[in-house]
Amino acid sequence: MLLALIDPAAAGLYRWVDESGAVHYSDSIPPDHVERARTEFSQQGLPGARVPRARTLEEVLRERELKRLRAQQSKLVQRLETADRVLLRSFRSEDDLLVARDDKTAAIDAMIQVARNNTHRQEQWLASLRAEAANLERSGRPVPERLKDGIRNAEAAIAEASAAIEARQAQKARIHAEFDEDLQRFRELSGRGVAASLMISRILEPLFHEILSCEDDTRCDALWQRATSYLDDQDQLAVRGGGEEDIRMATLPEHEDELRFALARIPDPDGPGASIFLELQCTASGARRLCRSPQIRGIAEGFRRAVLA
């Protein structure tokens, strides 16, 4: 009945709901209701655009922060994915990886051997200087400053060479660890078939997220440790990233192109704190078949409880 009374020349009709839940139709919105959701009708009385309610300041700020976190997380994810592409383009087989590793460590072994040879010569020189000083002391003669300086210089050279050898050995161990990780990742990528090896881009959309805030490095370190441990403890997931990286990606090995958990530690722009940001990302098909499954939902929904326990 109300629609029949509307002047066809009117600018339009609005449907809105007041605080008590009563539905109203009018050709204008009262000033104190302009921020509420409403439906706009055409001059013919047909429903048209649905205008959502105005967002609160808190909602605007929360959306802005989520956008910032996703942008920073995307950069970290891209860094890992770029590393995958470089790995596949640099090595054709596991043997290529092992040869590259051995070439690097052979160069370090050569430097270690040079340092050891120098140390051996310095030790012989030091022994002769100490013997000369001992003979002078036994004969009751003073040890000249020249000889004392020579002993101190030889001792310092030996200590410096020993430290250099230890540093090179640590470097060699790091190279082995890095290549072991690369070798494992190469096997994972190669085992996924030609399409995955070519790193075909796919669109992953966010389905779920959690944000845990921390105010200082001590608290952030503790939360990050618990967060990464939570993903590591999920036996069904394969976790990518580690060490000093502020990003982890966890996937179901047989569905890596359809689903992933992205976990990032993102510093606050204006302070010492950070946000621990977990997001479940899925393709359109993956969201239906996997992301909403009890298994994946359980992992996502258990994250906050486990990390804050």
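**Reading the chain**

Mentor: Let us begin with the overall inventory. The chain holds seven helices and nine strands, and the model is a predicted one.

Trainee: How many residues does the chain have, and what share of them counts as buried?

Mentor: The chain has 309 residues, and 34% of them count as buried. Contacts along the sequence may be considered next. Among contacts between residues at least 6 apart in sequence, 58% link residues at least 24 apart.

Trainee: At roughly what angle do the axes of helix H2 and helix H3 cross?

Mentor: The general idea is that angles over 145 degrees count as roughly antiparallel. Here the axes of H2 (residues 94-138) and H3 (residues 145-190) cross at roughly 165° and come within 8 Å. The two helices are therefore roughly antiparallel to each other. The crossing of H2 past H3 is left-handed. In the contact of H2 with H3, the residues comprise 23 nonpolar, 15 charged and seven polar ones.

Trainee: Let us turn to a single residue. Where does serine 293 lie, and is serine 293 buried or exposed?

Mentor: Serine 293 belongs to the loop that runs between helix H6 (284-291) and helix H7 (294-308). As for burial, a residue counts as buried under 20% relative accessible area. Serine 293 has 16% relative accessibility, so this residue counts as buried.

Trainee: Which backbone oxygen does the side chain of serine 293 reach?

Mentor: The side chain of serine 293 reaches the backbone oxygen of leucine 290, at 2.6 Å.

How values were computed
Residues numbered from 1 in each chain as written. Predicted model: local features only at pLDDT ≥ 70, side-chain atom pairs only at ≥ 80, totals over all residues. Heavy atoms only, no water. Helix = DSSP H or I, 4+ residues; strand = E, 2+ residues; numbered from the N terminus. Buried < 20%, exposed > 50% of the residue type's maximum accessible area, 1.4 Å probe, protein only. Polar contact = N/O pair within 3.5 Å; in protein donor to acceptor, adjacent residues only side chain to side chain. Axes fitted to C-alpha atoms, helices over the stretch in contact; angles between N-to-C directions. Parallel < 35°, antiparallel > 145°, perpendicular 65-115°, else oblique. Left-handed = near helix turned anticlockwise from the far one by under 90°. Nonpolar A, V, L, I, M, F, W, Y, C, P; charged D, E, K, R; others polar. Contact = heavy atoms within 4.5 Å.
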